[in-house]
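This report goes through one protein model, part by part. Please look at the sequence and the structure before reading on.

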Amino acid sequence: MTFEYKVVPAPTRGQKGKGIKGPEARFANTLELHMNTLAADGWEFLRAETLPSEERSGLTSTTTTYRTVLVYRRSKSVDENADGNAPAPAALPAPSDEAQPAEAEATTQANEVPETVPETKDLDQEDDSESTENAEPRDQDDVVRAGVDSLKQD
């Protein structure tokens, strides 16, 4: 069985609570609340450790202070492999060829958008069949601009 560990700093001050008197009782209340919070997430209290820690004091000197930490553990989930990787999902079967053409054709028709807007004939202009046959299709923005320009002229 493998475990994962969590190390948190021990509280340094007690919390006030209803009916709790004295610094020892406040400190015990703080530890109890902290342990119950982590226990709700599946962490089991293992031990408290006091370890040295070098810290800077001033510009050039260091001092050793001792920090108290609380060590918790919980068992690793069963879903993980020994590598810590999740198992690969099973491959899905390929879709059948019978349903694919009809489905693809339906989506193609639904997603089709005309690339050009058919040219409209203005009643004021002369019939110029040669120029419309050889003319390139115009973009929708060009058609709108032409309409706006004709309105400005009126």
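## A buried valine

V71 has a relative accessible area of 9%. Buried means under 20%, so V71 counts as buried. The model that gives this value is a predicted one.

V71 is found in strand β3. Leaving out residues up to four places away in sequence, V71 touches Y5, K6, V7, E44, F45, L46, R47 and E49. The C-alpha atoms of V71 and A48 are separated by 6.0 Å, although these two residues are 23 apart along the chain.

## Overall layout

How many helices and strands does the protein have? There are 4 helices and 3 strands. From the N terminus on, their order is β-α-β-β-α-α-α.

The protein has 154 residues, and 6% of them count as buried. Its accessible surface comes to about 13,700 Å², and carbon and sulfur atoms account for 50% of that area. Among contacts between residues at least 6 apart in sequence, 49% join residues at least 24 apart.

## The nonpolar core

Which residues make up the largest nonpolar core? This core has 6 residues in all: V8, A10, L38, W43, L70 and Y72.

Y72 has a relative accessibility of 1%, so Y72 counts as buried. L38 is in contact with K6, W43 and Y72, leaving aside its neighbours within four places in sequence.

## One aromatic pair

A search of the whole structure finds 1 aromatic pair. The pair consists of F45 and Y72, whose ring centres are 5.6 Å apart. The planes of the two rings are at 70°. Planes over 60 degrees apart count as edge-to-face, so this pair is edge-to-face.

F45 lies in strand β2, residues 44–57. Y72 lies in strand β3, residues 61–75. The pair therefore ties together parts that are 27 residues apart in sequence.

Is F45 buried or partly exposed? F45 counts as partly exposed because its relative accessibility is 33%. Y72, at 1%, counts as buried.

F3 is found in strand β1, which covers residues 3–9. The relative accessibility of F3 is 26%, so F3 counts as partly exposed.

The C-alpha atoms of F3 and R73 are separated by 6.3 Å, and the two residues are 70 apart along the chain. Apart from neighbours within four places in sequence, F3 is in contact with R73, R74, S75 and K76.

T30 counts as buried because its relative accessibility is 8%.

Which residues are in contact with T30, once neighbours within four places in sequence are left aside? They are P11, R13, G14 and Q15.

Definitions and conventions. Residues are numbered from 1 along each chain as its sequence is written. This is a predicted model: local features need pLDDT of at least 70, side-chain atom pairs count only at pLDDT 80 or more; totals for chains, interfaces and linings use all residues. Side-chain values use heavy atoms; hydrogens and water are left out. Helices (H or I, at least four residues) and strands (E, at least two) are DSSP runs, numbered from the N terminus. Buried means under 20% relative accessible area, exposed over 50%, partly exposed in between (1.4 Å probe, protein chains only). Contact means heavy atoms within 4.5 Å. Accessible areas come from the Shrake-Rupley method with a 1.4 Å probe; for residues, only the protein chains shown count as cover. A nonpolar core is a set of buried Ala, Val, Leu, Ile, Met, Phe, Trp, Tyr and Cys residues joined through side-chain atoms within 4.5 Å. Rings of Phe, Tyr and Trp (its six-membered ring) pair if their centres lie within 6.5 Å; planes under 30 degrees apart count as stacked, over 60 as edge-to-face and the rest as tilted.
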